[in-house]
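Visitor: Please show me the sequence and the structure, and then let me put some questions about them to you.

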Amino acid sequence: MCFWFPSLHLAFQATISFDASQTSISYFEALVVAVAICESVIHLKRGGQLAVYLDNLNTVQMFNSLVALPTMDWILMDTINIILTHDVDFWVFHVSGSKNTVANHLSYTSNAVPGLSIQSFQPPQRMLGATKKRFTR
């Protein structure tokens, strides 16, 4: 998982181990968009604008339509809550994988992107599907 901010020359990478039979790539694409937006609002002024580009059309459609599969609905709702809290306008655009060269390099944990500071990140445990506490009365 990775994302980057071209204007800041800053990138973030995370290595996530998961059971591919139980988690779709679209889940992790939506997760990385949510994490990128959470990180972005730190660098934006209130009322700022944010454009997110990715090569997963399903995730682009999810954020543009504000409709998600039940398993990803909470990711969308948490992200929209952050957007509204920070009064940020955002757009999500599709870019073909062949034109997404920096993200492709970062996806393979390559640290050889000239002029780019690369840091690691760990998504919040809730976003990784951590076991939820059960409350009883």
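This is a predicted model: local features need pLDDT of at least 70, side-chain atom pairs count only at pLDDT 80 or more; totals for chains, interfaces and linings use all residues.

Visitor: Which pattern does the chain follow when it is read along the sequence?

Guide: The secondary structure of the chain comes to four helices and five strands. Taken in the order of the sequence, these elements give the pattern β-β-α-β-α-α-β-α-β.

Visitor: In which loop does D87 lie, and what is its phi?

Guide: D87 is placed in the loop between α3 and β4, and with a relative accessible area of 42% the residue is partly exposed. Most residues other than glycine have a negative phi. D87, although a residue other than glycine, has a positive value, and its phi is near 50°.

Visitor: What phi does L66 have, and where is L66 found?

Guide: L66 is partly exposed, its relative accessible area being 49%. It is not a glycine, yet its phi is positive, at about 60°. As for its place, L66 is found in the loop between α2 (57-65) and α3 (73-85).

Visitor: What percentage of the 137 residues of the chain count as buried?

Guide: The cut-off for a buried residue is under 20% relative accessible area, and C2, with 12%, is therefore buried. C38, by contrast, counts as partly exposed at 25%. Of the 137 residues of the chain, the share that counts as buried is 39%.

Visitor: How many disulfides does the structure hold?

Guide: A disulfide is a covalent bond between the sulfur atoms of two cysteines, and the cut-off applied to such a pair of sulfur atoms is 2.5 Å. By that criterion, the number of disulfides in the structure is zero.

Visitor: How many aromatic pairs are there, and is the pair of F3 and F12 stacked or edge-to-face?

Guide: The structure holds six aromatic pairs. In the pair of F3 and F12 the ring centres are 4.9 Å apart and the planes stand at 20°. Since planes under 30 degrees apart meet the criterion, this pair is stacked.

Visitor: Are F3 and F12 buried or exposed, and which residues form the aromatic cluster with them?

Guide: F3 has a relative accessible area of 8% and is buried, and F12, at 5%, counts as buried too. Together with these two, the residues that form one aromatic cluster are F5 and F121.

Visitor: Which kind of pair do the rings of Y27 and F28 make?

Guide: Y27 and F28 are both buried. Their ring centres lie 5.5 Å apart and their planes are at 85°, which means that the pair is edge-to-face.

Visitor: How far apart in space are W4 and Q119?

Guide: W4 lies in strand β1 (residues 2-5) and, with a relative accessible area of 31%, is partly exposed. Although W4 and Q119 are 115 residues apart in sequence, their C-alpha to C-alpha distance is 9.9 Å.

Visitor: What separates the C-alpha atoms of G115 and H9?

Guide: G115 is in the loop between α4 (101-107) and β5 (117-120), where it counts as exposed at 62% relative accessibility. Along the chain G115 and H9 are 106 residues apart, while the separation of their C-alpha atoms is 6.7 Å.

How values were computed. Residues are numbered from 1 along each chain as its sequence is written. Side-chain values use heavy atoms; hydrogens and water are left out. Buried means under 20% relative accessible area, exposed over 50%, partly exposed in between (1.4 Å probe, protein chains only). Rings of Phe, Tyr and Trp (its six-membered ring) pair if their centres lie within 6.5 Å; planes under 30 degrees apart count as stacked, over 60 as edge-to-face and the rest as tilted. Helices (H or I, at least four residues) and strands (E, at least two) are DSSP runs, numbered from the N terminus.
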